[in-house]
Amino acid sequence: MKFSSPKSELASYLNFVSRAVSSRPLLAIMGSIYFWADAERQSLMLKAFDGSLGITAEFNATVLETGEFTLPARLLNDIVPRLPDAEVKMELEKGTEQVSISCGSARYRVMGMTAEEFPELPQIAEDGRTTVLPVEALLEGLRSTIFAVSTDETKKLLTGVNLIAEGTNMEFAATDGHRLSVLQTQVSDAEEMPSVQVTIPARALRELEKMLEKQTEGVIAVQFDHQQIVFETAKQTLTSRLLDGNYPNYRQLLPKDFNRQVTVDRKSFLASLERVAVLADHTNHLVKLNIDAVQQEIVLTAESSDANGQDSLTAQIAGESIEIAFNEKYLSEGIKAMNTTEIQMQINTPISPVVFTPVGGSKLIYLIMPVQIRN
C-alpha cells in the first residue's frame, strides 16, 4: 500500500476524522485511524469510530498501490500538522504493520495495528429510510437548539437534539430541564420528507456542524433506522447512534397566555447583560432584571461577595412592573441564538416560565425558568 497526498489536504481531513476517536477507546484499535488507498479510483479514505460516532472522509490522492493500514490517531495528529507544506508519502512495509512516512526532509516509521481488526461502522437496517435535508435549514436548527442540551450523562436522552420532520416541516428541540429551545421551519422547495422523529447526540451534531460549515446550501443525504443515523456529503460521512427513549412532551411546557410583554433591542440587551454579568456570583450566576413599566426601562443588576453593578436600557413594556432573575449564562446563550434586531420577553410571574422570541424572524421559542429571588 503506497500513496501520496498534499500535506494541507491530508492534515485537514485527518483532523476532522480524528474527532471520532475516543480519548479512552473501548478497544486499542479504536484509538487508530483506518486508511484505505484505492489505486483504481485514485482516492484515499480515512475512517474513525469510537463505538457511537463514526466519521469517514474520502478525497483524491496519488495511489501507487491499493491497500489498507491503521495508525495511532494521537501520534498522527502530532506528526502531520508539523510536516512542511509538501507532498506526504506513506507506504506500508510488506509483511509488517509498519508504515513509513516522508515529507520533505522529515522521515518517520510508525507501527500500526492489523487493519482487519478495525470495526465496521454500523449499517442501516434494510427497513431503514432515506431522505434529504436542506443544509441551510439543518444548520439553522442546530445553531438554535444545540446549546440548550443537557450535559448531565444521567439524563442521557436530554443530551441530544430531538428532530421531527414530516412533509416540508422540520422542528428541532433541546432542553436540559431548566430551559427549552424549539425551532420550527418550513422548507417549501424541498421534496416531501418521510416522517422522522429521532433524538441525535449533541456531540455528533456538533461534528455535523463542522462538516457542513463549507456547505451552507443544497441538501445532505440522510439514512436512518431505529438505532442509528447517517449523514452523507460527496466527501464525508458521519454515522451516529441515536438516543433511545421517548423525548419529553415539551410542547405542554409552553404557557398559552401571558400578562406581561417586553420588547427590547437585542444587541443593546445583550451588551448590558454582558457588562453586569462579569460581577455575577460564580455559584449561582444570578442577574436580576427590574422591569419598570412606568419608566419603560429595564435595570439589570448583579453582585458577588465583594462587588455589585448595574446597567439599564429602554424597552417597550406592556403590563405591570416586575422584578425577575435568571442564570446569566442561560439568558445570554438564548439571546445569542436569535438574529433579529428586536426580541420579545413574555412573562407571567417571577417564578413561572418566561418565553423569548425573535421579532420578525424565525419561529424560535426559547423558554427559560427564572431563579427565585430570596431576600
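Predicted model: local features only at pLDDT ≥ 70, side-chain atom pairs only at ≥ 80, totals over all residues.

Residues are numbered from 1 along each chain as its sequence is written, and side-chain values use heavy atoms, with hydrogens and water left out.

User: How many helices and strands does the protein chain have?
Analyst: Helices (H or I, at least four residues) and strands (E, at least two) are DSSP runs, numbered from the N terminus. On that basis, the protein chain has 6 helices and 26 strands.

User: What percentage of the 375 residues in the protein chain is buried?
Analyst: Buried means under 20% relative accessible area, with a 1.4 Å probe and protein chains only. For the 375 residues here, the buried part comes to 52%.

User: What share of the contacts with a separation of 6 or more comes from residues 24 or more positions apart?
Analyst: A contact is heavy atoms within 4.5 Å. Take those in the protein chain with a separation of 6 or more, and residues 24 or more positions apart account for 67%.

User: Which element gives the largest share of the lining of the largest pocket?
Analyst: That pocket has a volume of about 400 Å³. Of its 14 lining residues, the closest to the centre include Tyr-13 and Lys-210. Helix H1 (7-17) and helix H4 (202-212) each give two or more residues to the lining. The largest share, 4 residues, comes from H1.

How values were computed
Buried < 20%, exposed > 50% of the residue type's maximum accessible area, 1.4 Å probe, protein only. 1 Å grid on protein atoms, 1.4 Å probe; cavity = no way out; pocket = protein on both sides within 12 Å on 5 of 7 lines; lining within 4 Å. Points joined across faces, edges and corners; volume = space filled by probe spheres on them.
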